[in-house]
Amino acid sequence: MTAYEEAVQYIETIPSFTRKHTVPVVREYLRSAGLLSLWDNKPFVIHVAGTNGKGSTCNYIAQILREQGYHTGVFTSPHLITPRERMTFDGQMISEAAFAACFDKTRKLCERWKQLHPSYFEFLFLLGLFWFQKMKPEFLIVEAGMGGLQDATNALPVTDLSVITSISEDHQQFLGRTIEEIAAQKAGILREGGACVCAAGKTKTFPVIMKEAKRKNCAVFRVFPEDIQARRDFPGGIDFSYTCRYHGNGQPETLQNRKDPAEFITPEIENRNGNQPFEVRAKLRTGALYQAQNAALAVMACLAVEELSGGRFRIEPESITRGLSDGQLPCRMEQILPGLTLDGANNRDGIRQLLRSLSTATEGETGGPGSYLVFSAMKDKDYRGELEDILKSPAVKGVLLCPMEGGRALPAGELLTAAKEAALESGLPEQLRLTDGVEDAAAQVLRLLHEHEQVVVTGSLYLAGSFRKYIKEHYRDQF
């Protein structure tokens with residue numbers, strides 16, 4: 001067994017003997033590990049929280065910055081196949097050797113803490129920071145795990161820009177029962193006197209974010225939904241445009257002296273092109289319409305970087321266009337074979353966004369209207385609601401249930417029972433099949449593809465990742 005394999009084996013045992021800790025405890029980890037010195041190198045730190053779209057937004061931002069020539073480190077979660085995916089520098093995963101070396105540093109730190117051993121997520125976060133300390137990125141983009149306020153990533157001593165993606169009901173047992181309570185947790189990444197990028201709109205979450213921004217005197221860069229245009233324009237892709245009305249040569253307006261955060265009005269300020277709005281057009285290499293908002297948030301974040309850095313960091317329009325066009329993440333409406341798409345939607349809002357994208361797919365693009373879905377879920381998710389939406393959707397022809405292994409995975413019996421209950425009202429009970437797992441599901445999927453059907457694997461990033469790995473290993477010639 002290699003040093004890397006031994007490291008992964010140890011990390012996988014962590015959930016069996018420890019738990020999540022508070023932000024002050026994680027901050028003390030950083031101090032005792034000497035990781036606060038990472039900020040002596042002064043990377044520009046972008047912290048991203050939200051329910052859906054965090055990983056994609058991080059990826060779009062990073063790709064734009066790399067196109068501009070900046071060295072960029074990214075920490076994301078979860079991973080699909082290997083924990084090395086969680087930490088990248090200039091688009092490349094940490095090597096096995098570097099992972100093992102940083103593991104040793106993190107393990108030695110843990111020996112000093114004994115009863116306060118970091119959790120699985122905290123351990124990988126610390127390991128990643130050891131690596132970034134060595135790599136010295138100009139930008140560090142960090143995706144929050146669950147929530148924001150109480151998330152380990154919020155222990156970072158400095159955040160230059162906070163980005164909040166779409167918020168929906170998920171992990172209610174930890175984040176709160178209402179959407180407003182969940183939004184408050186996500187908005188917890190905002191820093192005193194800092195800056196935030198978020199989507200404006202008539203939602204229950206937006207006033208919560210604005211209230212927190214006002215309390216912390218944060219400048220807010222808002223993305224308006226009406227300024228985003230997206231339509232399926234070519235096989236597997238989206239024609240995207242975004243008109244940014246909030247970019248200028250001066251500092252953005254703050255929230256001081258505003259009585260109603262929900263009514264805060266973005267000023268029309270002059271930008272580098274004169275009085276004309278800044279417009280971005282790009283071809284997104286994804287069939288997911290929901291990626292349009294993530295792309296717009298990334299554009300605004302990069303423009304905010306220019307503002308907040310006083311021009312130290314320049315982002316050219318060409319870099320934005322190229323970055324968006326090259327910014328596809330695995331398992332986000334990713335077509336890996338003709339007719340076979342992988343999508344990591346893992347909550348009800350994500351499933352609804354996926355179904356919306358499927359309903360707009362052009363007839364004949366992948367062999368005909370409607371899709372078969374391969375579905376699985378974690379037992380702490382609203383899988384019953386997800387199945388109800390799936391089986392009621394006219395975009396779905398049938399469902400292959402694919403049970404997964406692991407303590408969090410929904411057992412096959414419960415998965416089938418929930419699907420049958422949802423199917424009673426759908427009229428698709430004859431199109432509901434239970435498979436034995438990924439191998440059996442893949443064989444059935446290949447038969448459907450030979451019949452020129454469209455298939456989408458969804459419900460869990462772990463399922464999508466496992467399916468991706470299996471197809472790549474067993475159908476390499478077609479991948």
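At what angle do helix H1 and helix H5 pack, and how far apart are their axes?

## Two helices side by side

H1 (residues 3-13) and H5 (residues 120-135) pack at about 145 degrees, with their axes 9 Å apart. Here axes are lines fitted to C-alpha atoms over the stretch in contact, and angles run from 0 to 180 degrees between N-to-C directions. Helices (H or I, at least four residues) and strands (E, at least two) are DSSP runs, numbered from the N terminus.

Who meets whom? In H1, Tyr10, Ile11 and Glu12 touch Tyr120, Phe123, Leu124 and Leu127 of H5, where contact means heavy atoms within 4.5 Å.

## About the model

This is a predicted model, in which local features need pLDDT of at least 70 and side-chain atom pairs pLDDT 80 or more, while totals for chains, interfaces and linings use all residues. Residues are numbered from 1 along each chain as its sequence is written, and side-chain values use heavy atoms, leaving out hydrogens and water.

## Rings around Phe313

Rings of Phe, Tyr and Trp (its six-membered ring) pair if their centres lie within 6.5 Å; planes under 30 degrees apart are stacked, over 60 edge-to-face and the rest tilted. Phe44 and Phe313 have ring centres 6.0 Å apart and planes at 85 degrees, so they're edge-to-face. They sit 269 residues apart in the chain.

Phe313 is buried, at 3% relative accessible area; buried means under 20%, exposed over 50%, partly exposed in between (1.4 Å probe, protein chains only). Tyr70 also forms an edge-to-face pair with Phe313, at 5.2 Å centre to centre and 90 degrees between the planes.
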